[in-house]
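Here is a short tour to read with the model open beside you. Keep the viewer at hand and follow along one heading at a time.

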Amino acid sequence: MSSSPSRPPAPPEGLIVPGAPVAHRAAPGAPALQPGTDLGLLLLRVAVGLTMAGHGTQKLFGWFDGGGLNGTADHFAADGYKAAKAMAWVAALTETFCGLGLAIGLLTPLAGAGILGIMLNAIATKWGGGFFAPEGIEYDLVLLTGAVALALTGPGRVAADQLLPGLRDHRFTKGVAAVALGALSAAFVLVVLRD
C-alpha cells in the first residue's frame with residue numbers, strides 16, 4: 001500500500017491564503033477586468049493625457065495663453081537649465097506627444113514615463129514653494145502620480161494598445177521599466193543639464 005502525501009483542501013474561491021499559489025488568469029469565461037476598471041482607467045488617461053498635451057501646445061504654439069517656444073526657453077533659462085531653447089523643444093514635444101499617447105492609450109508605459117520625467121523636473125523647480133498651489137507642487141504631483149499609475153497598471157481594454165500585439169497584454173515589468181526610465185531621464189536632466 002503506497003501512501004500519497006495528503007494535500008490540504010483548496011481554499012474557497014477568492015480567498016487569499018499566505019503562501020498559497022496565486023492564479024494569474026481569470027477563470028474561463030470571466031472578464032480580465034471589471035467594466036468599471038476599464039472606464040476608470042480611460043477617464044484617468046484622458047484627464048492626465050489631455051492636460052499634459054494642452055501644456056505641451058502652450059509651449060509649442062503659444063496656445064491657451066502659453067508662452068510659445070521663446071517664452072518657454074526664457075522660463076527654462078531662469079530656472080537654471082543649460083541649452084534652454086533645446087529644453088523648451090524637448091519639454092513641449094514630450095508633453096504634447098506623451099499626453100496624446102496617454103489619452104488614447106498608445107504606448108502607455110512610455111507615455112507615462114515621459115510625463116513622469118517632465119513632472120519630476122517641474123517639482124524640482126518648485127520645491128521651495130511648499131505643497132499647495134499656486135507655487136506648490138500639489139498639481140504636478142497629481143499628474144505625476146496619475147502617469148505612474150497608468151504606466152504600472154496599463155491602459156485598460158479601451159485603448160489603442162489593444163490593437164498592437166506586443167502591447168495588448170500589459171506586463172507589470174514593462175511598467176516598472178518605463179517608470180525607471182522616466183526617473184533616470186529626469187535625474188540626468190536635473191544633474192547634468194541644470195545649474
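## Exposed and partly exposed rings

In this predicted model, Phe-132 has a relative accessibility of 59%, so the residue counts as exposed. Phe-131 comes in at 42% and is therefore classed as partly exposed.

Trp-63 counts as partly exposed because its relative accessibility is 47%, while Phe-64 is exposed at 59%. How are the ring planes of Phe-131 and Phe-132 arranged? They stand at 90 degrees with ring centres 5.0 Å apart, which makes the pair edge-to-face.

## Aromatic pairs and a cluster

Counting ring pairs with centres within 6.5 Å gives 4 aromatic pairs. One of them joins Trp-63 and Phe-64: the centres are 6.5 Å apart and the planes meet at 90 degrees, so this pair is edge-to-face. Trp-63 and Phe-64 also belong to one aromatic cluster together with Phe-61.

Now for a residue in helix H1, Thr-57. Is Thr-57 buried or exposed? Its relative accessibility is 9%, and since buried means under 20%, Thr-57 counts as buried.

Leaving aside residues up to four places away in sequence, Thr-57 touches Gly-62, Trp-63, Phe-64 and Thr-96.

## The largest pocket

The largest pocket has a volume of about 810 Å³. Its lining consists of 36 residues, and those nearest the centre are Lys-59, Phe-76, Glu-95, Ile-118 and Ala-122. By class, the lining holds 17 nonpolar, 14 polar and 5 charged residues.

Which helix gives the most to this lining? That is H4, with 10 residues. At least two lining residues come from each of H1 (35–61), H2 (68–78), H3 (84–104), H4 (108–126), H5 (138–153) and H7 (172–192).

## The chain as a whole

Stepping back, the protein chain has 7 helices and 0 strands, and along the sequence the pattern reads α-α-α-α-α-α-α. Of its 195 residues, 34% count as buried.

Among contacts with a separation of 6 or more, 65% are between residues 24 or more positions apart. The chain exposes about 11800 Å², and carbon and sulfur atoms supply 69% of that area.

Key. Residues numbered from 1 in each chain as written. Predicted model: local features only at pLDDT ≥ 70, side-chain atom pairs only at ≥ 80, totals over all residues. Heavy atoms only, no water. 1 Å grid on protein atoms, 1.4 Å probe; cavity = no way out; pocket = protein on both sides within 12 Å on 5 of 7 lines; lining within 4 Å. Points joined across faces, edges and corners; volume = space filled by probe spheres on them. Helix = DSSP H or I, 4+ residues; strand = E, 2+ residues; numbered from the N terminus. Nonpolar A, V, L, I, M, F, W, Y, C, P; charged D, E, K, R; others polar. Buried < 20%, exposed > 50% of the residue type's maximum accessible area, 1.4 Å probe, protein only. Contact = heavy atoms within 4.5 Å. Areas by Shrake-Rupley, 256 points an atom, 1.4 Å probe, with all protein chains shown as cover. Phe/Tyr/Trp six-rings, centres within 6.5 Å; stacked < 30°, edge-to-face > 60°.
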